[in-house]
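Subject: Structure handover

Hello,

Here is the structure I promised to pass on. Please open it first, then read my notes below.

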Amino acid sequence: MLKEKTVIVTGGAKGIGRAMALKFAENGANIVLNYRSSIPDDLISEIEDKGVKCVAYQADVSNFEQALSLVETAVSNFKTIDVLVNNAGITKDTLLMRMNENDFDSVLEVNLKSVFNMVKHTSKVMLKQKSGSIINMSSVVGVAGNIGQANYAASKAGIIGFTKTAARELASRGITCNAIAPGFIQTAMTDVLSDKVKESVLDGIPLKRFGKPEEVAELAVFLAKNKYITGQVINIDGGMVM
Ligand code: NAP
């Protein structure tokens, strides 16, 4: 069902984005792999070994023009854009008392403005096609809040409102838009947390383990294939928030 479809993954060089690119490739989709700073030497060949094409494109997706270039690159290489995964994200955690204006603005720009940029440009292509699937990476923190993450929580909650609105606006043209809200997934983003923080997070996870990037990728592929789920926020968190 995803064979020869085109999937854009933003922030696809590592962590959940990397796992998503590999999982969509396993399902036969061609990949447009966006990265910001660098890409591991063997990642493109690892993706293409699955029998698909992969185009890597460096862009800061929080920048409106660079996001447009990324979308144009996808169209010039593959003609259609069938799935957009807005995965790029950062954290700048600190208590509100210590959070400065730049900590707030930069997290909102990268996590939320990038979603607007990418959906704005990609939806034009999907509207013409009368099909497409948009998947936005939110977080359980956007649903429940978290100490030290006012900026991140605001960006991820913003993604939820944005997702529901885009789902309503784009539905009549056969385009679905959903958000994934992971709990604690083992990546570079969570590796930086202290053992003490990790232990206390683990205490609050009924399934008593952290999630794997591949598990999130499987959910993204499921959402991309399904044509009757839209406007939803799907938690994948071992039961952390229920
Ligand atoms: P990660 O390992 O830190 O990877 C994030 C990726 O985003 C990196 O490849 C990074 O590239 C890229 N990126 C950052 N800013 C960008 C920009 N302006 N333009 C393009 N790419 C950019 O994080 P992750 O854990 O895989 O997280 C992926 C997504 O899931 C994020 O949206 C995150 O908020 C969300 N999430 C993660 C967890 C978790 O537990 N890990 C939980 C909930 C939600 P550079 O390294 O080059 O900057």
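Lys79 counts as exposed, at 67% relative accessibility. The cut-offs are these: buried means under 20% relative accessible area, exposed means over 50%, and partly exposed lies in between (1.4 Å probe, protein chains only). Lys79 sits in the loop between α3 and β4. Helices (H or I, at least four residues) and strands (E, at least two) are DSSP runs, numbered from the N terminus. Lys79 is not a glycine, yet its phi is positive, about 75 degrees. Most residues other than glycine have a negative phi. Lys130 also has a positive phi, about 60 degrees, and is not a glycine. Lys130 lies in the loop between α4 (101-129) and β5. Lys130 is exposed, with a relative accessible area of 55%.

**How to read the values**

This is a predicted model: local features need pLDDT of at least 70, side-chain atom pairs count only at pLDDT 80 or more, and totals for chains, interfaces and linings use all residues. Residues are numbered from 1 along each chain as its sequence is written, and side-chain values use heavy atoms, with hydrogens and water left out.

**The sheet**

What is the order of the strands in the open sheet? The 7 strands run β3-β2-β1-β4-β5-β6-β7, and the pairing is parallel. Two strands pair if DSSP finds at least two bridges between them. The edge strands are β3 (54-58) and β7 (233-236), and each pairs on one side only. From one strand to the next, the twist averages 15 degrees. Helix α3 (residues 64-78) packs on the sheet and touches β1, β2 and β3. The direction of α3 makes about 160 degrees with that of β3. Contact means heavy atoms within 4.5 Å. Axes are lines fitted to C-alpha atoms, for helices over the stretch in contact, and angles run from 0 to 180 degrees between N-to-C directions.

Now look at two strand pairs. β1 and β2 run parallel and are joined by 4 bridges. Ile8 stands opposite Val32 in β2. β4 and β5 also pair in the parallel sense, over 4 bridges. There, Val83 stands opposite Ser133 in β5.

Why is β5 largely enclosed by the rest of the structure? Because 6 of the 6 residues of β5 are buried. Both faces are covered. Gly132, Ile134 and Asn136 are buried on one side, and Ser133, Ile135 and Met137 on the other.

**The cores**

A nonpolar core is a set of buried Ala, Val, Leu, Ile, Met, Phe, Trp, Tyr and Cys residues joined through side-chain atoms within 4.5 Å. The largest one has 31 residues. Val7, Met20, Phe24, Ile31, Ile47, Val83 and Ile180 touch the most other members. The elements that give two or more residues to this core include β1 (6-9), α1 (15-26), β2 (30-35) and α9 (213-225). A second, separate core has 25 residues, among them Ile8, Val32, Ile81 and Val115.

Take Ile31 as an example. Leaving aside neighbours within four places in sequence, Ile31 is in contact with residues including Val7, Phe24, Ile47 and Phe78.

**Around the ligand**

There are 28 residues around the ligand, each with a heavy atom within 4 Å of it. Ser37, Asn87, Tyr152, Ile185 and Thr187 come nearest.

- Thr187: a side-chain N or O atom is 2.4 Å from an oxygen atom of the ligand.
- Tyr152: a polar side-chain atom lies 2.5 Å from an oxygen atom of the ligand.
- Val61: a polar backbone atom is 3.1 Å from a nitrogen atom of the ligand.

Is Ser138 buried or exposed? Ser138 is buried, with a relative accessible area of 3%. Ser138 is in the loop between β5 and α5 (140-144). A polar atom of the Ser138 side chain lies 2.9 Å from the backbone oxygen of Lys156.

Best wishes

How values were computed:
Polar contact = N/O pair within 3.5 Å; in protein donor to acceptor, adjacent residues only side chain to side chain.
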